[in-house]
Amino acid sequence: MKTIDEIQDEIIDEFSVFDDWMDKYALLIDLGNSLPPIEEKYKTNENLIEGCQSRVWLQADYRDGRIWFEAESDAIIVKGIVSLLVRVLSGRTPDEILNVNLYFIDRIGLTEHLSPTRSNGLLAMVKQMRMYALAFKVKNN
């Protein structure tokens, strides 16, 4: 399995191919479209992320000391963003998720090119993934 930083560097490389933000948005949309849909049973209010303008569902499962995330959104750009977070953080230990520096977000320019509401949503997604990590860490120690 690749390290978190190797995956982040891959994402940075994928986005660095494009200079134009319209092309980067198109890549985000493609990434979102490749995200497998989550099962309907997980599309519950408990799995909705607070603080997102669009609806984002995040499901976390703990197996063999690692957390596996599934996510979906009803907004195409947001679905692309959450697909990146799932790609980087799924399959990691709670400690890895709690201690990670998600530098790819700034390096690909997401922070500066998202609307304030989408930026808040991105922070809410990261926060929720870290909350799951903390909960699983406490529960399993």
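## From the hairpin into the helices

Modeller: Strand 1 and strand 2 run antiparallel, with eight bridges joining them. Keep in mind that this is a predicted model. Strand 1 covers 56-63 and strand 2 covers 66-73, and D64 sits in the loop between them. The two strands make a hairpin with two residues between them, and R63 stands opposite R66 in strand 2.

Now look at the backbone of that turn. D64 has a phi near 55 degrees, a positive value in a residue that isn't glycine. Most residues other than glycine have a negative phi.

On to helix 3, residues 76-89. Its 14 residues should span 20 Å at 1.5 Å a residue, and its end C-alpha atoms are 20 Å apart, so the length agrees. Helix 3 is mostly covered, with twelve of its 14 residues buried. Among those buried are I77, V78, I81, V82, L85 and L89, and K79 is on that list as well. Just after the helix, G91 takes a positive phi of about 85 degrees.

What does the covering? Start with helix 2, residues 21-33: its axis comes within 7 Å of the axis of helix 3, and the two cross at roughly 70 degrees. That falls in the 65 to 115 range, so helix 2 and helix 3 count as roughly perpendicular. The contact uses Y25, L28, I29, L31 and G32 from helix 2, against I76, I77, K79, G80, I81, S83, L84 and R87 from helix 3. Helix 2 passes helix 3 in a left-handed crossing.

Helix 7 is the other one. It packs with helix 3 at an angle of about 30 degrees, the axes being 11 Å apart. Because that angle is under 35 degrees, helix 3 is roughly parallel to helix 7. This time the crossing is right-handed. In helix 3, I77, V78, I81, V82, L85, V86 and L89 meet R118, L122, M125, V126 and M129 of helix 7. An α-helix has 3.6 residues a turn, so residues three or four places apart point the same way. You can follow that spacing along the helix 3 side of this contact, for instance through I77, I81 and L85, or V78, V82 and V86.

Helix 7 itself has 24 residues and reaches 34 Å from its first C-alpha to its last, close to the 34 Å expected at 1.5 Å a residue. Its buried residues include L122, M125, V126 and M129, and as a group the buried residues pack against strand 1, strand 2, helix 3, helix 4, helix 5 and helix 6. That brings us back to the hairpin strands where we started. S119, also in helix 7, counts as buried because its relative accessibility is 17%, under the 20% cut-off. Leaving out residues up to four places away in sequence, S119 touches T111 and L114.

Conventions: Residues numbered from 1 in each chain as written. Predicted model: local features only at pLDDT ≥ 70, side-chain atom pairs only at ≥ 80, totals over all residues. Heavy atoms only, no water. Helix = DSSP H or I, 4+ residues; strand = E, 2+ residues; numbered from the N terminus. Pairing = 2+ DSSP bridges. Expected span 1.5 Å × (residues − 1). Buried < 20%, exposed > 50% of the residue type's maximum accessible area, 1.4 Å probe, protein only. Axes fitted to C-alpha atoms, helices over the stretch in contact; angles between N-to-C directions. Parallel < 35°, antiparallel > 145°, perpendicular 65-115°, else oblique. Left-handed = near helix turned anticlockwise from the far one by under 90°. Contact = heavy atoms within 4.5 Å.
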